[in-house]
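This briefing goes with the protein shown below. Look over the sequence and the structure before reading on.

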Amino acid sequence: MTLDSPIQYLQGVGPIMSKKLSKLKINTVEDLLFYFPTRYEDFSNIVAIDKIKPNQQCTVQGKILEIKAQRTWKKRMSLVQAVLQDESGAIEIVWFGQPYLTKVLKKGDLICAAGKAVVSKNGFYLSNPVYEKVNDTESAHLIHSGRLVPIYPETAGLSSRWFRNAIYRLIQIYKNQIPEILPEQIIKENSLMPIDEALQQIHFPDTRESAQKAKQRFSFEELFLIELVVLQQRYRLNKEKSPTIPMNVDLIKRFVNSLPFQLTDSQRKCAYQIFKDLEKTRPMSRLLEGDVGSGKTVVAVMAALNAIKNGYQAGLMAPTEILAKQHFQSVAKLLKPFKIKIALLTGKDDKIISQKLGHETKEGYIPDTLEISRAKILEKARGKIKAKTKELEVGIDFLIGTHALIQDKVKFGKLGLVIIDEQHRFGVEQRAKLVAHKKNGDNLIPHLLSMTATPIPRTLALTIYGDLDLSVIDQMPKGRKQIITKIVAPAERQEAYDFIKQQVKRGEQVFVVCPRIEPSSTPTEKQGPRTPWSEARAVKEEYEKLTKEIFPDLKVGMLHGKMKAKEKDKIMQGFKNKKIDILVSTSVIEVGVDIPQATVMMIEGAERFGLAQLHQFRGRVGRSDLQSYCLLFTDSPAKTTRQRMRAMMEAKNGFELAEKDLEIRGPGSLFGSKQWGIPDLAMEQLKHLPFVEMVREVAKETLQYSPQLKKFPLLAERVKRFEQKVHLE
Ligand code: ADP
Ligand code: MG
């Protein structure tokens, strides 16, 4: 068997065990070897039996004088009792509920037993100790006792004991076959532990210090791989060429003057950075960070307009249909004076909707749209996307859509700029595809602008996204008021409803966010963990209750992800046009949705959402000069809930909140529930930015010395494999 052999064929594993293991993402021999313990139990000092103190955690070594199984008379629980003797004395051992032990352990066996000495009527006994036979061939070295004993994250049916046995065996077999992927010089210069020793020491350490050193080596390794991947991707991108798109100052002035508001200085600064990038042949790769509501869209639209008027096409990809549609409408409105052909492409509709002209109504601007069958448009692979309907030919300048944009069928003629909204919601491949697959006929790749409201500290952003350029909108539009955030206890519910009523009477609108769609009794719905104190509120139930009991005289609407696209559309449009006062919704409205008249965001079961997500919800209100409110409903008594809710109240913006979240929950929290595939140790290290920067420097030097890593074939191979596993920019 080799390191990449399936774990199933390993002696003592088999199909049932391997299924359990695969749940832990352990599929190969190597995966198991690299499954690290989370902590160690110190059973290292073997004590003489007569030196044991009450309640002491200790390891003793001796011969079994007698051993027998019993049932307790009262509780009918099985017991195994034994007496263990060393040179200094003897002690009783009691194991509960493990009757098979009399088959494993026999009188006369020499064993080590580690556990707690519990006081009884006649002295002490060792209660439920871990044990191991000392004369066992397998345990010629102690692995379960008499040392620092590794404790693995356990799941049902896989005990730490099992892991210790299996991994110990693997280490013996593969000891000299594990490739050292780190270059020798890097190991030396950073005094890292070599691979063989590190594997041995992370599982079965001699001392706590050596365990720490082993862990450090693997942290270094994981981060190093991440940095290499990120930097290489960046260097590859830098070799590509993009069209130079000059900044049309007149055009931009006209656009800015056409806006119903003044751009903030921050927006101007970011836009300028983008325009400068577009003028270069080097592909832009810029992340536009700005808190929710800071006005990222208009900055992106400006860039798109400039590209389009220079003869290029632009594409905008958003993570949800609702958001894509909203962008379509607001972009159509922003660009109305510029006679640009905008189209919407989403997955479900089998149509491309294209803007013809628009007209202002008292319900706002409505683009007159034209529906053309998508097939017709897509069959034209070259030239601007063109479609011939009977009456007219439509060329598209600006295509807005969802994931549908990255289908292979969608080919652009002259794509100059790709904009990705809420980029953290997309996987890497999707992003890469939108850029790379869209090479124009002249072999130029489009410039890329990503936008996010998830504020990532700069160093972390550099780590995860590589050397991308960062523009930050750190200023809110004028006149915005701080959103008032309140935690609402169960007893104050009625008060909150009264407040909502009053807001609606003033012509303002309300979101009610619920964690789930169906009531929890519906078995089809995927449920989160049920907690005794909280019934996760379900949209459908809540909608019924609010329409019938609480707000019978107000207009309540419902929105969730399982509704048909058309229905969702109708509801969103209704909310926009104020045909709906209160919108009860799942997290589908999390990102981007822009309803300036909405001033109350009420969140049910707030403890079920991450801080970043809560902040996004809150960003749905406070989008005008009206005072807005965020009401957090929670009845969870958990301490972390209280901490997190307080953070929501205190943090003034997403950046502060991100830092708090980093403190409370670690870096994983920044990325929500998205699976990034970043290994645990690296994730933990992301908190320690100086370490991250140091590793990054080493990675840079390594690539300077050997850009393709040709001098380090083992490392190159590992980087390649790692790249497939991890989802980075
Ligand atoms: P986000 O950065 O969260 O994507 P949006 O781009 O959706 O924010 O903008 C939020 C709202 O603020 C929109 O209604 C937009 O028209 C408006 N807006 C953008 N910039 C300004 C500004 N400088 N002054 C006033 N309102 C603005
Ligand atoms: Mg947005």
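The model is a predicted one. The protein has 729 residues, and 54% of them count as buried. Its secondary structure is made up of 23 helices and 24 strands.

**Whole protein**
- The accessible surface amounts to about 33900 Å². Carbon and sulfur atoms account for 52% of that surface.
- Take the contacts between residues at least 6 apart in sequence: 71% of these join residues at least 24 apart.

**A charged patch on the surface**
- A patch of positive charge lies on the surface, formed by Arg254, Lys309, Lys339 and Lys341.
- Arginine 254, one of the residues in this patch, belongs to helix 8, which covers residues 249-258.
- The relative accessible area of arginine 254 is 51%. Exposed means over 50%, so arginine 254 counts as exposed.

**A mostly covered helix**
- Helix 18 runs over residues 611-618, and six of its eight residues are buried.
- The buried residues in helix 18 are Leu611, Leu614, His615, Gln616, Phe617 and Arg618.

**Glutamate 30**
- Glutamate 30 sits in helix 2, which spans residues 29-33.
- Glutamate 30 has a relative accessibility of 10%. Buried means under 20%, so glutamate 30 counts as buried.
- Leaving aside residues up to four places away in sequence, glutamate 30 touches Leu3, Arg718 and Arg721.

Notes. Residues numbered from 1 in each chain as written. Chains lettered and ligands numbered in written order. Predicted model: local features only at pLDDT ≥ 70, side-chain atom pairs only at ≥ 80, totals over all residues. Heavy atoms only, no water. Helix = DSSP H or I, 4+ residues; strand = E, 2+ residues; numbered from the N terminus. Buried < 20%, exposed > 50% of the residue type's maximum accessible area, 1.4 Å probe, protein only. Contact = heavy atoms within 4.5 Å. Areas by Shrake-Rupley, 256 points an atom, 1.4 Å probe, with all protein chains shown as cover. Patch = residues over 30% accessible without salt bridge, like charges linked within 9 Å, V, L, I, M, F, W, Y side chains within 5 Å. Salt bridge = Lys/Arg side-chain N within 4 Å of Asp/Glu carboxyl O. Lys, Arg positive; Asp, Glu negative; His and termini not counted. Charge placed at Lys NZ, Arg CZ, Asp CG, Glu CD.
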